[in-house]
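Hi there,

Here is the structure I promised to pass on. Have a look at it first, and then read on for my notes.

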Amino acid sequence: MQNYFNYFTEIEEHFQRRRGSLLLLSTLDWALIETWREAGVPLDVVLRGIDEAFDKYEARQRRGPQRRVNGLAWCAPAVMEAAEQHKEAALGTAPAAEPEIASAGFEAQRIADHL
């Protein structure tokens with residue numbers, strides 16, 4: 001997972017770019033981002049979900065005037081859908097290999113021999 005600070009700021013900046021104006025996120029929006037981070041939703045998946053939500057919004061705008069997007073919560077369903085698609089796409093792939101402690105020189109026998 002990316003750096004805690006980068007995850008939040010990247011999402012905030014991307015949302016502001018897609019909205020087309022500076023809008024400070026509310027505490028509920030920050031809590032929503034925290035929920036996504038704790039759930040392990042990758043940053044690129046969140047950004048893709050925001051893009052999909054705004055693409056749908058812009059398509060509806062062409063048919064008639066609509067209200068302006070005023071919060072990140074409006075993008076939450078699209079983000080969750082993108083997360084599900086990401087999870088389904090990852091089925092059957094090997095999980096990322098964790099670095100082994102033994103390769104770092106911390107084998108139990110080696111420590112015991114040293115002591």
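**The core**

The largest nonpolar core has 26 residues, and Tyr7, Ile11, Trp36 and Leu72 are the ones that touch the most other members. The most comes from H3, which gives eight residues. Please keep in mind that this is a predicted model.

Leaving aside residues up to four places away in sequence, Leu72 touches Ile11, Phe15, Leu25, Asp29, Leu32, Ile33, Trp36 and Ile50.

H2 covers residues 27–38, twelve residues in total. From its first C-alpha to its last H2 reaches 16 Å, close to the 16 Å expected at 1.5 Å a residue. Which residues of H2 are buried? They are Asp29, Leu32, Ile33, Glu34 and Trp36. Of these, Asp29, Leu32, Ile33 and Trp36 are also among the residues that Leu72 touches. Just after H2 comes Gly40, with a positive phi of about 85 degrees.

Is Leu22 buried or exposed? Its relative accessible area is 67%, so Leu22 counts as exposed, the cut-off for that being over 50%. Leu22 and Glu12 lie ten residues apart in sequence, and their C-alpha atoms are 9.8 Å apart in space.

H3 has 19 residues, which should span 27 Å at 1.5 Å a residue; the end C-alpha atoms of H3 are 27 Å apart, so the two agree. Its buried residues are Leu43, Val45, Val46, Leu47, Gly49, Ile50, Ala53, Phe54 and Tyr57. Ile50 also turns up in the list of residues touched by Leu72.

How do H3 and H4 pack? Two packed helices are described by the angle between their axes and the distance between the axes. Here the axes of H3 and H4 come within 7 Å and cross at roughly 130 degrees. That angle makes H3 oblique to H4, and H3 passes H4 in a right-handed crossing. On the H3 side, the residues that meet H4 are Val45, Val46, Arg48, Gly49, Ile50, Glu52, Ala53 and Lys56. Their partners in H4 are Ala78, Val79, Glu81, Ala82, Ala83, Gln85 and His86.

Key
Residues numbered from 1 in each chain as written. Predicted model: local features only at pLDDT ≥ 70, side-chain atom pairs only at ≥ 80, totals over all residues. Heavy atoms only, no water. Helix = DSSP H or I, 4+ residues; strand = E, 2+ residues; numbered from the N terminus. Expected span 1.5 Å × (residues − 1). Buried < 20%, exposed > 50% of the residue type's maximum accessible area, 1.4 Å probe, protein only. Core = buried A, V, L, I, M, F, W, Y, C linked by side-chain atoms within 4.5 Å. Contact = heavy atoms within 4.5 Å. Axes fitted to C-alpha atoms, helices over the stretch in contact; angles between N-to-C directions. Parallel < 35°, antiparallel > 145°, perpendicular 65-115°, else oblique. Left-handed = near helix turned anticlockwise from the far one by under 90°.
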